[in-house]
Amino acid sequence: MLPVKKHPTPHYRTLEEIRERKDSLLDELQTDNEKFTSLWNQLFIKREDSSKSEFIGGIIANSITAIDIFLMARKLMKSYRIFFGKKDKKR
């Protein structure tokens with residue numbers, strides 16, 4: 001995430017000072033936009049073709065993640081039934 005730049009509130013006396021500030025802000029916005037665009041594009045870089053073993057490893061890793069999510073959701077639903085609209089069963 002890009003850092004937030006905090007500037008003190010300036011007091012402008014002339015229209016020329018306002019125009020200069022506007023131009024400087026436009027330059028800052030353009031540089032921030034370029035940084036953001038490069039970071040965004042890095043997220044979606046196409047990966048090189050992987051070997052068959054890497055492909056199978058990826059499938060296994062994704063399967064384990066999916067099973068883990070399923071088990072966690074099941075446990076949460078069992079623990080917090082009231083939030084999912086189910087009443088507790090009396091034993």
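Start with the rings: the structure holds 1 aromatic pair, where a pair means rings of Phe, Tyr or Trp (its six-membered ring) with centres within 6.5 Å, counted as stacked if the planes are under 30 degrees apart, edge-to-face if over 60 and tilted for the rest. Select Phe36 and Trp40, whose ring centres lie 6.2 Å apart with planes at 25°, so the pair is stacked.

Before going on, note that this is a predicted model, in which local features need pLDDT of at least 70 and side-chain atom pairs count only at pLDDT 80 or more, while totals for chains, interfaces and linings use all residues. Residues are numbered from 1 along each chain as its sequence is written, and side-chain values use heavy atoms, with hydrogens and water left out.

Helices (H or I, at least four residues) and strands (E, at least two) are DSSP runs, numbered from the N terminus, and the chain has 2 helices and 0 strands.

Patches are made of residues with over 30% relative accessible area and no salt bridge, like charges being joined within 9 Å and nonpolar side chains (Val, Leu, Ile, Met, Phe, Trp, Tyr) within 5 Å; a salt bridge is a side-chain nitrogen of Lys or Arg within 4 Å of a carboxyl oxygen of Asp or Glu.

Next, move to helix 2 (residues 52-79) and select Ile64, which is exposed, with a relative accessible area of 55%. Together with Phe55, Ile56, Ile59 and Ile60, Ile64 makes a nonpolar surface patch of about 490 Å².

Finally, show the surface of the whole chain: of its 91 residues, 0% count as buried.

Notes: Buried < 20%, exposed > 50% of the residue type's maximum accessible area, 1.4 Å probe, protein only. Areas by Shrake-Rupley, 256 points an atom, 1.4 Å probe, with all protein chains shown as cover.
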